[in-house]
Amino acid sequence: MRLKTATPETIDEAAACLRGGGLVAIPTETVYGLAADATNGAAVARIFEAKGRPAFNPLICHFARAEDIESAVVTDTRAQTVAAAFWPGPLTLILPRRTDCRISELCSAGLETLAVRVPAHPIARALIAAAGVPLAAPSANKSGRISPTTPLLVSESLGNAVDMILAAGPCAVGLESTVLDLSGDTPTLLRPGAVTAADIESVLGYRVEDGTTTATDKPKSPGLLLKHYAPSIPVRMNAIDLEEGEALLAFGSVKFMGIRTGGAARDLPPERVRNLSPRGDLHEAAANLFRMLHELDRPQNKGIAVMAIPETGLGLAINDRLGRTAKRTD
Ligand code: TXA
Ligand code: MG
């Protein structure tokens with residue numbers, strides 16, 4: 001890990017690191033973020049590994065300018081109104097992904113939506129512009145710890161898990177961005193922050209639903225609020241052979257995989273098979289996970305049989321996610 005004070009030279013160095021698939025801790029006005037090229041699935045997978053996240057939660061994509069989000073998400077007048085009022089700034093919008101969105105599906109954790117934000121911090125904006133790609137970035141702390149607001153807190157939390165820390169002093173806001181869900185009919189606040197519901201209501205001219213409390217007024221954690229993606233057909237893990245009619249989500253070689261009623265998995269029609277990583281690489285597998293699940297989630301398939309994935313590193317997060325979808329059999 002290299003901690004470097006932000007200068008035009010170190011910003012270029014950080015941009016090159018990001019373009020090469022590296023991880024850089026970056027200053028924003030809210031908290032420090034752990035950034036990777038959002039269009040590079042294997043780089044995004046490294047974020048989860050570095051944070052030690054037990055599961056794949058969706059990530060915020062950071063853009064240099066408000067107009068840049070148009071290539072990734074579908075906007076409407078509500079989104080344009082709040083963007084004009086609060087961006088650049090500490091507000092994140094949840095919007096539907098465009099069908100031709102180039103952002104890794106890992107950033108959306110398989111959902112049809114993407115969280116987007118234009119940070120106000122000049123170093124963050126200069127870096128995104130220099131990198132030339134949107135940056136996926138959760139807060140730059142280990143999973144379960146508080147969000148870091150100084151470069152020192154980042155290095156204490158992440159240490160060598162990050163390639164470079166771009167240091168620019170303490171964060172001005174010091175609190176994570178407000179998260180506003182605009183993907184449905186009713187604008188819903190998912191996480192409170194420096195931009196308040198009242199601020200948003202005053203520019204929109206109507207009420208914002210409070211999604212941060214339940215009917216009993218107990219705060220919900222963002223993790224609980226989140227709807228997780230699950231295929232509509234059953235998922236069977238640790239499969240050693242295939243049932244008739246099942247699709248195969250492979251990991252590594254399929255040479256010895258058979259079909260119970262006879263035949264070999266390698267002879268299945270291409271639309272019934274995806275391989276997360278033929279060479280058994282967990283970063284590649286994580287990067288492919290949600291896209292391939294979507295591709296196999298078709299009514300023609302009776303279910304999805306998934307080959308065993310090692311319970312190490314990113315394999316833990318992959319199995320965690322598959323385990324949750326496997327329990328859903330409706
Ligand atoms: O201030 C911030 O927002 C910082 C800086 C680095 O930008 N980032 C941050 O990211 O706090 P993170 O990953 O720690 O929190 C992102 C929140 C999570 O609660 C996540 O569940 C939610 O945003 N989120 C992200 N994508 C979502 C989506 N598609 N739908 C619903 N919630 C989403
Ligand atoms: Mg966080």
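In this predicted model, Glu246 lies in strand 14, which spans residues 246-250. Glu246 is buried, because its relative accessible area of 5% falls under the 20% cut-off. Its side chain makes a polar contact with the side chain of Arg236, at 2.8 Å. Beyond its neighbours up to four places away in sequence, Glu246 touches Arg236, Arg272, Lys302, Gly303 and Ala305.

Strands 14 and 16 run parallel and are joined by three bridges. Here Ala250 stands opposite Asn275 of strand 16.

Helix 6 covers residues 151-158. Its buried residues are Pro151, Val154, Ser155, Ser157 and Leu158. Viewed down the helix axis, these buried residues fall within an arc of 165°, so they line one face of helix 6. Leu152 and Glu156 are exposed on the other side. An α-helix has 3.6 residues a turn, so residues three or four places apart point the same way. The cover over the buried residues of helix 6 includes strand 1 (2-5), strand 2 (24-26) and strand 3 (33-37). Helix 2 (41-51) and strand 8 (164-167) also contribute to this cover. After helix 6 comes Gly159, with a positive phi near 50°.

How values were computed
Residues are numbered from 1 along each chain as its sequence is written. Chains are lettered from A and ligands numbered from 1 in the order in which they are written. This is a predicted model: local features need pLDDT of at least 70, side-chain atom pairs count only at pLDDT 80 or more; totals for chains, interfaces and linings use all residues. Side-chain values use heavy atoms; hydrogens and water are left out. Helices (H or I, at least four residues) and strands (E, at least two) are DSSP runs, numbered from the N terminus. Buried means under 20% relative accessible area, exposed over 50%, partly exposed in between (1.4 Å probe, protein chains only). A polar contact is a pair of N or O atoms within 3.5 Å; within protein, one must be able to donate a hydrogen and the other to accept it, and residues adjacent in sequence count only if both atoms are side-chain atoms. Contact means heavy atoms within 4.5 Å. Two strands pair if DSSP finds at least two bridges between them. The arc is that of the directions from the helix axis to the C-beta atoms.
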